[in-house]
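Work through the exercises below with the structure open beside the text. Each task is followed by a worked solution.

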Amino acid sequence: MFLVTGATGSLGRRIVRLLTQRDTPVRAFVRLSSNYRELELRGSQIFVGDLQIDKDINRAVDGVKYIISTHGYPGNPFAIDYRANIELIDRAKANKIEHFVYISVLGVDRENLNDPTFKAKKEVEKYLLRSGLNYTILRPAGFANNLLPLAERFRDTRGLYLLIGNPNNRLSIVSTDDLAKIAIDSVDIAAAKNQIFPVGGPDLLKREDIPGIFGRIFKLEPTIVNAPLFVLDALRAGLGIFDSQLQDSLGTVRTLLANEFFCTSEEIANLESVYGIEMESLESFLKRYLVKMN
Ligand SMILES: NC(=O)c1ccc[n+]([C@@H]2O[C@H](COP(=O)([O-])OP(=O)(O)OC[C@H]3O[C@@H](n4cnc5c(N)ncnc54)[C@H](OP(=O)(O)O)[C@@H]3O)[C@@H](O)[C@H]2O)c1
């Protein structure tokens, strides 16, 4: 039995779907407030709880062989990204779990990123390494599904694209479906045991390439509006008066927009060889989903 936390998130959902397609038993940790009907219909075991409640984590781990931790919430990195994972690791140890797969983030090891979510993930990685559990830590780049709403807006505005920050910043967006497969396969592949992998797509992109990809898909000439980062800073400062959690979330968005997050071709080649996978390009991912949506 797998336990998947963050099962209603964009990655967690895909992991649960794939496990049920493979007829592998999976317990999906969900919140009562979330939409988990699809996961139920697919035959996963639904565990309703809150990761801020230790008792819920304790009960969710009972009888489980593998854990895939995908949950996150940039508005509350201490409680969700940090503390809930520490508790999950402790419970995993106490229950002699065979393998713990942790979804971290690319760039987590950079000292200069003073971002609470990145710091939380770094501390969780350190704790997991020291735990004595079998582990695989995946450090993904940005997920391809994040771009689907942007692509739809591009289509609906006949090619308008707002690019905040440096258009030359490099990134390697990962297919969220590939990442789901890699997370699951980590428990079976010997070469993935007790390893850390950066996970990105096959193409090293610049941020300004994204409207070009949208343009090719929709056969539209992009009109790029490039706004400087301080626009986001001003928005954050204003919102902070009303909502400090939203301000924190935007802080992580700022970290992502202000820096480069990409994998080297050697890292991708290693990933493909260990997992026996050919990583999907962003363009192919978007085409698959946008055709489905039309
Ligand atoms: N998205 C990216 O581009 C990206 C890039 C690199 C790394 N990552 C990391 O990858 C992981 C998955 O990302 P994602 O985009 O799939 O996340 P997501 O869509 O934001 O989903 C987060 C999940 O965490 C759950 N969650 C939050 N607070 C909870 C609580 N108190 N109790 C129980 N569940 C709770 C959410 O449940 P609800 O549905 O109830 O809200 C949701 O299922 C995260 O750890 C993220 O930091 C993401």
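Predicted model: local features only at pLDDT ≥ 70, side-chain atom pairs only at ≥ 80, totals over all residues.

**Exercise 1: A tyrosine in helix 4**

Task: Determine whether Y82 is buried or exposed, and list what Y82 touches.

Solution: Start with the location, which is helix 4 (residues 77-94). Y82 has 20 C-beta neighbours inside 10 Å. The cut-off for a buried residue is 20 or more, so Y82 counts as buried. Leaving out residues up to four places away in sequence, the contacts of Y82 are P77, A120, E123 and V124. For a distance across the chain, take E272: Y82 and E272 are 190 residues apart in sequence, and their C-alpha atoms are 29 Å apart in space.

**Exercise 2: The packing of helix 3 and helix 4**

Task: Describe how helix 3 (residues 54-61) packs with helix 4.

Solution: Two packed helices are described by the angle between their axes and the distance between the axes. Here the angle is about 40° and the axes are 9 Å apart. Angles under 35 degrees would count as roughly parallel, and 65 to 115 as roughly perpendicular; helix 3 and helix 4 are therefore oblique to each other. Their crossing is right-handed. From helix 3, the residues D54, I57, N58 and V61 meet A84, E87, L88, R91 and A92 of helix 4. By type, the residues of this contact are five nonpolar, one polar and three charged.

**Exercise 3: The whole chain**

Task: Compare the radius of gyration of the protein chain with that of a compact globule.

Solution: For 294 residues, a compact globule would have a radius near 19 Å; the chain has 19 Å, which agrees. The C-alpha trace spans about 55 × 45 × 40 Å along its principal axes. The chain holds twelve helices and eleven strands, and buried residues make up 40% of its 294 residues.

Methods
Residues numbered from 1 in each chain as written. Helix = DSSP H or I, 4+ residues; strand = E, 2+ residues; numbered from the N terminus. Buried ≥ 20, exposed ≤ 12 C-beta atoms within 10 Å, placed from the backbone. Contact = placed C-beta atoms within 7 Å. Axes fitted to C-alpha atoms, helices over the stretch in contact; angles between N-to-C directions. Parallel < 35°, antiparallel > 145°, perpendicular 65-115°, else oblique. Left-handed = near helix turned anticlockwise from the far one by under 90°. Nonpolar A, V, L, I, M, F, W, Y, C, P; charged D, E, K, R; others polar. Rg over C-alpha atoms; globule rule 2.2 N^0.38 Å.
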